[in-house]
Amino acid sequence: MGREPRRAVASDRPAAAPRPEAGAAVVVPGETSIPVRSDADVVLARRRGRELAATLGFGPTDLTLIATAISELTRNIVLYAERGQIVLKGIERNGKVGIVVVARDDGPGIPNVPQALESGFSTSGGLGLGLPGVRRLTDEFDIVSEVGRGTTVTVKKWKR
Ligand SMILES: Nc1ncnc2c1ncn2[C@@H]1O[C@H](COP(=O)(O)OP(=O)(O)O)[C@@H](O)[C@H]1O
Ligand SMILES: [Mg+2]
C-alpha cells in the first residue's frame, strides 16, 4: 500500500521517447468513465465492460468473467462507498490486447486489505467472495485503499 496505482501509462512516458519501453502497457483509444451511485449503474457498468471487451475480441467465457468482475467492484462501491467511478479501457502490451478496469471511490477505505481479500470476510453480512473472486478472475489485480480517503481497485485481463 502507500504506492500510487500506475495509471495513464501512455502519458507518463517522456515525450522524447515516443515508443513504449518493453513491457509497458499502451492505452488503446477509447476510455469509458461511468459514474456509480446506484444499482442501475452496476448494470450499466457491467454492460459497458462487456461491450468493450467484445469489441476487443474477448471470447464468450472471458466476457462473462469480465462482466462478473465489474459487477462485484461496482457493487462494492455502491454498498461501501455510496458513490464512485468505473473506468474501462482497452490496452495493449507486447502485442497482446487486454482490458483494464479501474474502480475508484472516495469512501471510507479498507482498514485491513489482506483481510478483505480473504474468502468469506465481509463487514456487511455478505458472502465475502467479491474481492477474492475478482482477483481470481483477472490476470493482474491491484488495490490501494486508505481509511478516510477511499479505495482504488485496478484489474487487467489479457486476451488469450
Ligand atoms: N470500495 C470499498 N470501500 C470500502 N470497503 C470495501 C470496498 N470494497 C470492499 N470493501 C470491504 O471489503 C470486504 C470484502 O469485500 P467483498 O469481497 O466484495 O465481500 P462482500 O461485499 O460480500 O462483503 C467488504 O465486506 C468491505 O468491508
Ligand atoms: Mg462485495
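**Core, ligand shell and hairpin**

Leaving aside neighbours within four places in sequence, Leu73 is in contact (C-beta atoms, placed from the backbone, within 7 Å) with Val101, Ala103, Val134 and Val153. The model is predicted, so local features need pLDDT of at least 70 and side-chain atom pairs count only at pLDDT 80 or more, whereas totals for chains, interfaces and linings use all residues. Residues are numbered from 1 along each chain as its sequence is written, and chains are lettered from A and ligands numbered from 1 in the order in which they are written.

Leu73 is among the residues with the most contacts inside the largest nonpolar core, together with Ala69, Ile70, Ile86, Ile99, Val101 and Ala103. This core has 28 residues; a nonpolar core is a set of buried Ala, Val, Leu, Ile, Met, Phe, Trp, Tyr and Cys residues joined through C-beta atoms within 7 Å. Two or more residues each come from strand S1 (26-36), H1, H2, S2, S3, H4 and strand S5 (150-158). Helices (H or I, at least four residues) and strands (E, at least two) are DSSP runs, numbered from the N terminus. In soluble globular proteins, nonpolar side chains tend to be buried together.

Ala45 lies in helix H1 (residues 39-55). Ala45 counts as buried because it has 27 C-beta neighbours inside 10 Å; the cut-offs are 20 or more other C-beta atoms within 10 Å for buried, 12 or fewer for exposed, and partly exposed in between, with C-beta atoms placed from the backbone. Residues up to four places away in sequence aside, Ala45 touches Ile34, Val36, Ile70, Thr74 and Ile86.

Helix H2 has 22 residues and reaches 31 Å from its first C-alpha to its last, close to the expected 32 Å (1.5 Å times one less than the number of residues). Its buried residues include Asp62, Glu72, Leu73 and Asn76. Glu82, which follows H2, has a positive phi near 70°.

Ligand 1 is surrounded by 22 residues (C-beta atom, placed from the backbone, within 6 Å of the molecule), and Asn76, Ser122, Thr123, Gly126 and Gly130 are the closest. Helices H2 (60-81) and H4 (130-137) each give two or more residues to this shell, and H2 supplies the largest share, five residues.

Strands S2 (residues 84-93) and S3 (residues 96-105) run antiparallel and are joined by ten bridges. They form a hairpin with two residues between them, and Asn94 in the turn has a positive phi of about 50°.

How values were computed:
Two strands pair if DSSP finds at least two bridges between them. Two residues are in contact if their C-beta atoms, placed from the backbone, lie within 7 Å.
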